Amino acid sequence: MTNYILKEGDSSLAPILVLHSTGGDEHQLVPLAEELFPNHPFLSIRGRISEQGINRYFKLKGPGFTKENFDLVSLEKEAQWLTKEVERLGQHYQLNLSKLNVIGYSNGANMALYMQLKGLFKFEKILAFHAMQLTEVGRPVLSDESKVFLTHADNDPIVSRENLEELSTDLEKTKCQLEIFKAKFGHQLSDEEISAAKKWLAK
């Protein structure tokens, strides 16, 4: 059974997919979605992986958020599952998935960008708070009409500056419109990032 929240909103507005961070759930980013996209319909889906009671979108092979600990088989499997669930629920609730935007934080942002880079889903706009490159994507799928807002802090204990550069390179290969906001508060989601995201959306 998939755990999710659906807010119907104004059907003339673009629907929003909401993806939580490690340890979060489908409720975690609902206030943020409502703040950034008032009146939009949104679909918030919980990752189906639970390790020691901690929700996430794919498995880890060991402790720590490093590339060698990411279970890439699980990542691919769960990305396929999430894609199918978005399509299934989108059809059920008559959401216009051709205009789908996504908000992701940390683990959820990682999954959103992976789906985009692999061509599993083409999002119109991606707000990826504190995302990282999970694995090198040799030939990312072109998405020249997509817009990506990415945040990173140089003092982030999880996402290094080198990893950000690798992720940025992957995204630039897709020809998307990429904007990177430099945050100041490590890996946490801050008010300054939310304000910057609002300004980006208003462009």
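**Exercises on a predicted model**

In this predicted model, helix H2 (residues 72-92) packs against helix H3 (residues 107-117) at an angle of about 85 degrees, and their axes are 10 Å apart.

**Exercise 1.** Classify the packing of H2 with H3 by its angle, and state which residues meet.

*Solution.* Start with the angle, which is about 85 degrees. Angles of 65 to 115 degrees count as roughly perpendicular, so H2 is roughly perpendicular to H3. Next, list the residues in contact. H2 supplies Leu 75, Glu 76, Glu 78, Ala 79, Leu 82 and Thr 83, while H3 supplies Met 111, Tyr 114 and Met 115. Sorted by class, the contact of H2 with H3 has six nonpolar, one polar and two charged residues.

**Exercise 2.** Find the cavities of 30 Å³ or more in the whole structure, and describe the lining of the largest cavity.

*Solution.* The search of the whole structure gives one cavity of 30 Å³ or more. The largest cavity holds about 60 Å³ of space. Its lining consists of Asn 110, Leu 113, Tyr 114, Leu 117, Met 132, Gln 133, Leu 134, Thr 135, Val 137 and Leu 167. H3 contributes the most to this lining, with four residues. By class, the lining has seven nonpolar, three polar and no charged residues.

**Exercise 3.** Count the aromatic pairs in the whole structure, then classify the pair of Phe 58 and Phe 70.

*Solution.* The search finds six aromatic pairs. For Phe 58 and Phe 70, the ring centres are 5.8 Å apart and the planes stand at 80 degrees, so the pair is edge-to-face. Finally, locate the two residues: Phe 58 and Phe 70 are both in the loop between strand S5 (54-56) and H2, 12 residues apart.

Notes: Residues numbered from 1 in each chain as written. Predicted model: local features only at pLDDT ≥ 70, side-chain atom pairs only at ≥ 80, totals over all residues. Heavy atoms only, no water. Axes fitted to C-alpha atoms, helices over the stretch in contact; angles between N-to-C directions. Parallel < 35°, antiparallel > 145°, perpendicular 65-115°, else oblique. Contact = heavy atoms within 4.5 Å. Nonpolar A, V, L, I, M, F, W, Y, C, P; charged D, E, K, R; others polar. 1 Å grid on protein atoms, 1.4 Å probe; cavity = no way out; pocket = protein on both sides within 12 Å on 5 of 7 lines; lining within 4 Å. Points joined across faces, edges and corners; volume = space filled by probe spheres on them. Phe/Tyr/Trp six-rings, centres within 6.5 Å; stacked < 30°, edge-to-face > 60°.
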